[in-house]
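Welcome, and please get your viewer ready. We will go from stop to stop, with something to select at each one.

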Amino acid sequence: MGQMLDARRPKSILRVVQQLGYLQLDPTAAVARTEHLVLWSRLGNTYRPADLARLTYVKRSLFEHRAFIYPATDYPVLRAAMGEYLAGEDGWRRRIREWVEVNNVFHTYVLAELEARGPLRSRQLDDRAVVAAWPSSGWNDGRNVGQMLEFMSARGEIAISAREGNDRLWDLAQRVHRIDQPVLTAEAAARVRAERRLSALGIARPEATLRSFGTWASVGGVGVPVEVEGVKGTWVVDPKLLRRRFEGRTAILSPFDRLVHDRRRLLDLFGFDYVLEMYVPPAKRRWGYYVLPILQGDRFVGRADVKADRDKSVLRVPALHMEPKTGSAEVAAAKGELQELATWLGLDKVVVEKLIKP
């Protein structure tokens, strides 16, 4: 229920994001981008991706920060994490802090350009890293402008004002957010983050490390301790959910959905061993490239390898893998939800090429 996957669907995008805490952004679109799949799985076929962009960049009921979308009302909580972004003496933080400090002229130039010219793409800014290029063995090696923007955003100095396609437009934070809101203390923010994490998950291990509001932390200190039948260890549950009656439905989830993100929790609570094989060589894949978990009520009944063939207006399912102890009713429900997905995508039909039953 904390994940809003019960029979009574929520009514708005904003309500979903407020309950889940955030949406992860990911460009992979074998079917649709993950932020849209997460919202579709909750809202159904009434959801329109353009509405998410409108709420984020026009109405500003939501905001984008470091590849996640948050409710605007949670900005004070996130600001507390921004203030701590470069605190500490671990090697990674010290390395960033030193790089920004020695390139102070570059940093000042970025602020001045945004102040004078308004929202800008990264390519509209010059590389003024006069002291040292950002060293990396990965994709961002030497991409000084992009790295400076990311670091300044993480510290709350600048923010993403809008998007034009995949291009982000950067501006001063005070022109994007209401920065006059009170800043929470570190202790108060930590408490809010723990409560929000548990509210979204419903149930969690007290020591489980989870991402929320730009940080990784546990849900320790909040919730009601409970025992889960057949599962070792102690759990905590959101007390609000203990008073609600659960009625399930069938739902197809994004591979990046928070319900399946913690693989240990997923296995402990649902007995579902899920692996995302996008980065596995094709010859070594067991399930497929972009496999969507299928939830029915309170159990996972299958997983579908799915690809949207827009040229032929077909939702292709190279393999629909059903879980043990499933039968014709579960297969029919899974196929029905795949048809709903195809309809939402504007595709004419679903083609299940192979049905695999244990």
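Predicted model: local features only at pLDDT ≥ 70, side-chain atom pairs only at ≥ 80, totals over all residues.

**Stop one: the strands**

Residues are numbered from 1 along each chain as its sequence is written, and side-chain values use heavy atoms, with hydrogens and water left out.

Now widen the selection to strand β1 (residues 23-24) and strand β3 (residues 68-71), an antiparallel pair with 2 bridges. Strands here are DSSP runs of E with at least two residues, helices are runs of H or I with at least four, and both are numbered from the N terminus; two strands pair if DSSP finds at least two bridges between them.

Histidine 65 has phenylalanine 68 of β3 as its bridge partner. The hairpin of β2 and β3 has 2 residues between the strands, and arginine 66 there takes a positive phi near 55°.

**Stop two: two helices**

Select helix α5 (residues 91-102) and helix α6 (residues 104-117), whose axes come within 4 Å and cross at roughly 75°. Axes are lines fitted to C-alpha atoms, for helices over the stretch in contact, with angles from 0 to 180 degrees between N-to-C directions. Residues making the contact (heavy atoms within 4.5 Å) include Trp99 of α5 and Phe106 of α6.
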